[in-house]
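Welcome! Open your viewer, keep the selection tool at hand, and let us walk through this model one stop at a time.

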Amino acid sequence: MGRPLKRARRTTRVTVDLPDFFAFPSLSASGSGCGGGGPFRVAIRGFLSSHARLTTAYAPPVLPCLMTWQILFRVCDFVTDAPRDSLPATVVALYVVEEDVTRSSRSVYCDQCRVVGWSGHPVCRKRYHFILRSCDNGMNASTCSGCTNPLLISESRNCKCCYNTDDEQWEYSQLEDNTHLLHGVVHSNGYGHLLTVNGREGGSNVLSGSDIMNFWDKLCTALSVRKVTVMDVSKKYGMEYRLLHAITRGHSWYGNWGYEFGSGSYALTQDSYKRAVDNLSSIPLSALLFQGRESRTRLQNIISFYQSLSCSELLTLKDLFSFLQRLITESHKTPMPKTSKMSESSTNVLCAWTINDVESVQHAIIKVLMAAAGGSNWVTRRALKGVMCKTASLELLDYCLKHLRGKLAANGKVVEARCNPNSSDIEFRLQPLHSFNYESSLDSSCPSEEHIKGDLKFLFDSLFHPETMMTYRAHATRELVIDSTTKLLDCKQFVKDYKPYAHNPFAIRIWCHFEFSDPAKDDPVPPPELICLPLNATIGDLKTEATKAFEDVYAMFKRFQVEKLLDYGSVEDNITLKLLIGTTGSVRVQGRCPSKHGLNRFRMERGTENWTVDCTCGTKDDDGERMLACDTCGVWQHTRCAGIDNADMIPTKFICRRCANTLNEKSASIPNNAKEARRYSQLDPTCRGAIGSNGPRITTALTVR
């Protein structure tokens, strides 16, 4: 018994010296140059040298294209006032994989850059992958694939004596794994993408999705990352979470950390996104509850049920879905959510009741329960309101019913309440006092968490899902819901601009915009690079540092040389930079890159193929949606805009509308050839195309075959 205890204390002593996951990194942890706040290309090097260590298994002689760095963190559960070193701890590891794109066996192009509007950027020389693996839940969590001996968390797959040559391929597979708790990639120019976030629902044992996002956000800030995009395709409770969260909060879940609308598919704009959010959030519940002489539907029963549970008025779809999500959140904190306190009520209805009014109505309700076979039968809340509707106002009845459980009756029995999941209503009855559980929450009549999730899913499918959507009484409302829902689902790309560079009085900070001295039509346009220099730097120093920066960041800028500053005429290199430009500002520099033609494949993230997107919806670039090219003109467009459903097969031969119209015009000019004219006139006007011998030319990444 003594030995295990000693090992446990030893682990605690080791882990207490590790940095705290929830407090790391601090703003001073970036290790960037220029007095702090330097560019990402500088900050990442200082960060790795200060906090990480290079893992032995991936040293450059063995794996020259990938270098893996590791930082261990301590994750504690702070639920007591016990000393920190006595608390149970879990160790998690952050892996930083430095990928040399120029020697990598993977594609040199970034698919994420292609679909978010960064396809014109030159290919960066380095990519940095930040990974929290799902399998790293603590010390000795895995075994060596060679000898099956336990591995420390610092050893990824094989121990030192069993290194396997297949580990290179295995390591590349880790970059494609979507089960990681966190996977973000940042190019050496500071532009990055958040690829994967998996919280507890995604397999994490100790970290929630919010914990991981907080860590990622602080890490990007400390490293002076410029912009980060995320494609939000997350689901929660079996629903598209970007739609659900937009209805309740007005933005995606990632918007909690400042991610805003980046680019919408099908040429959608930020204004159309906001209008769609407002349209769905403001739909009144009264329009859904109107039934006329028809019997109540399950949808109406569920809406009325949660309206009765809420102390505030639920008037719109936003109010309803927000309330259900709040009930789910509160169910994690206490056995049942507390929703019946008058102090929590935010209703606008004037409360003019006295205690005597409440007690009088409750006594009358208890008499109704006693009349129901001595009180032993369950009576629904809806039935009680129907009987008492002429006795008191609906608001007073709702309040009395919420506080009815636990009230004593004249026959010595007590009122019990329960939630019936089949009828989506609260039921009451009288039962003997000795069998009543006073320790149970007064709100035990509220539904369980699983019940609430089931109702939430039913409401979501009935109100928003095109295939299971209810028939709205007003046809215009249904069309508005379908249009707004489609637009929100088509908006997946969100971006955060970190704006990392604050003023530094001890350094000169200049943004350098680059132009080729021998420009060509298809030359890339790199984003400006930040150059940090001492206060006594000269024009020559700026040229030298700008040359190093662009050559270090971009693969095609090999042997690059900045030749002169534009907009300042002929200036000598020995002129003090501060006197000419100041300590902050931007300049245009012109230079020459002799090797740019030899490194043409690194020219742009979009690749070397020349393709054109010109869809009827207005899209002019790849947005990640399914597309196909016209077999006549070669122009790409969305399959959906061409009248091809996502579930339909791609036609073997496709002719776009413009080419079809051109062929029809030609057919009209050949009156003597009736057969040829009929062939032209029979072209499908919906652009589905005719079946031919060529295969479909389609790819979501727009790679031309």
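**Stop one: two crossing helices**

Select helix H6 (residues 241-249) and helix H10 (residues 317-331): their axes come within 8 Å and cross at roughly 110 degrees. H6 and H10 are therefore roughly perpendicular to each other, a label for angles of 65 to 115 degrees. Axes here are lines fitted to C-alpha atoms, for helices over the stretch in contact, with angles from 0 to 180 degrees between N-to-C directions. Helices (H or I, at least four residues) and strands (E, at least two) are DSSP runs, numbered from the N terminus.

Now show the side chains of Tyr241, Leu244, Ile247 and Thr248 on H6, and of Lys318, Phe321, Ser322 and Gln325 on H10; these residues make the contact (heavy atoms within 4.5 Å). They divide into four nonpolar, three polar and one charged.

Before moving on, a word about the model: it is predicted, so local features need pLDDT of at least 70 and side-chain atom pairs count only at pLDDT 80 or more, while totals for chains, interfaces and linings use all residues. Residues are numbered from 1 along each chain as its sequence is written, and side-chain values use heavy atoms, leaving out hydrogens and water.

**Stop two: the cores**

Which residues have the most contacts inside the largest nonpolar core? Select Phe130, Leu194, Trp216, Tyr259, Tyr306 and Phe464, within a core of 104 residues. H10 gives the most to this core, with seven residues. A nonpolar core is a set of buried Ala, Val, Leu, Ile, Met, Phe, Trp, Tyr and Cys residues joined through side-chain atoms within 4.5 Å, where buried means under 20% relative accessible area (1.4 Å probe, protein chains only).

Zoom in on Leu194: leaving aside neighbours within four places in sequence, its contacts include Met213, Trp216, Val230 and Tyr259. Then look for a second, separate core of 34 residues, with Phe516, Ala546, Phe550 and Val553 among them.

**Stop three: another helix pair**

Next, pick helix H7 (residues 270-281) and helix H15 (residues 475-490), whose axes come within 9 Å and cross at roughly 130 degrees. That makes H7 oblique to H15. Among the residues making this contact are Tyr273 and Val277 of H7, and Leu480 and Leu488 of H15.

Finally, select Gln637 in strand E22 (residues 636-638). Is Gln637 buried or exposed? Gln637 is buried, with a relative accessible area of 5%. Not counting residues up to four places away in sequence, Gln637 touches several residues, including Asp614, Arg626, Leu628 and Phe654.

Methods. Angles under 35 degrees count as roughly parallel, over 145 as roughly antiparallel, 65 to 115 as roughly perpendicular and the rest as oblique. Ala, Val, Leu, Ile, Met, Phe, Trp, Tyr, Cys and Pro count as nonpolar, Asp, Glu, Lys and Arg as charged, and the others, Gly among them, as polar. Buried means under 20% relative accessible area, exposed over 50%, partly exposed in between (1.4 Å probe, protein chains only).
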